[in-house]
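Thank you all for coming; I would like to take a few minutes on one model, and I will define terms as I go.

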Amino acid sequence: MKKIKTLLISFSIILALSIGGAFYFNSLGEKLGPQVLDDCFWICNGLGDGCPSDELEYKACYEKNEEICVLCKVDKGQKALLAEAKQEKYYNYMYSLIWVSFTSGVIILISFISYLSIKYSFIRTIGAVSVLWTIAALTSNLVYSISTFFIFIAPVLFFWLFRFIRFGPIRMFKDG
Amino acid sequence: MKEFLACIAAIIAALIFTAIFGAIIAVISTVIASWGLATYSVGGVLHTSGNIINIFLSFYVGYKVYKRITRVKVNQAEE
């Protein structure tokens, strides 16, 4: 029981951190998007030939688009490549964090179900999970046909079918 | 009458099992074919052979369900 509680708490922290990190890197990546890059070129060209030489003008540019205007100082031909590389790096971090959060979420779910099973009743917990799973399958956008619905609820139906064959119609709903 | 109802329950269980297992087989055979482990035609063969296995398995499941229901009735009669 202690191990399950430890798993729940530690992976909840990991989940929160990874979701926060994913949002952070997504916002960083968005700042370097093509639209922002165009804006920077427009700002830079509007201010003169390339990047602004005047300190105040550069400051205004810098405040508007911090990341990209730092890149404005670099050789003009390299700007787009650098921005794209940096954006790709941020998005790679984001995708990795999404995978971490997904895995943490699955582990939290399994731990929570195990916790309820141990503390209360295994069959009642699985029963509740089965009902919720079926409702989720019915309301999910992923289920678009009867075949996909069957695939989604296959674990639930196989479990109860196994219980029925193994223990019979009365004992299948009892623990032990 | 009770055996008749058990038979109907077994048929329903077998049909549900066939539907679920058939959908799973369709997905698995498509995935195997998409990996390049098999050509498209071999993927079709996998699907067909999976369906044949599915039919036998559904008969087995139906039989087990029927047996379980009738056995419970016999046990209750003994009690």
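I will begin with chain B, go on to its interface with chain A, and end with one serine.

This is a predicted model, in which local features need pLDDT of at least 70 and side-chain atom pairs count only at pLDDT 80 or more, while totals for chains, interfaces and linings use all residues. Residues are numbered from 1 along each chain as its sequence is written, chains are lettered from A and ligands numbered from 1 in the order in which they are written, and side-chain values use heavy atoms, with hydrogens and water left out.

Chain B has two helices and zero strands, where helices are DSSP runs of H or I of at least four residues and strands runs of E of at least two, numbered from the N terminus. Of its 79 residues, 28% are buried, meaning under 20% relative accessible area with a 1.4 Å probe, protein chains only.

Turning to the interface, 16 residues of chain B are in contact with 14 residues of chain A, contact being heavy atoms within 4.5 Å. B:Ile20, B:Ala23 and B:Arg68 supply 41% of the area that chain B buries against chain A, more than any other three residues; buried area is the accessible area, with a 1.4 Å probe, that two parts lose on being put together, summed over both.

Finally, A:Ser111 lies in helix 5 of chain A, residues 76-119, and counts as buried because its relative accessibility is 5%. Its side chain reaches the backbone oxygen of A:Ile107 at 2.6 Å.

Terms used. Buried < 20%, exposed > 50% of the residue type's maximum accessible area, 1.4 Å probe, protein only. Polar contact = N/O pair within 3.5 Å; in protein donor to acceptor, adjacent residues only side chain to side chain.
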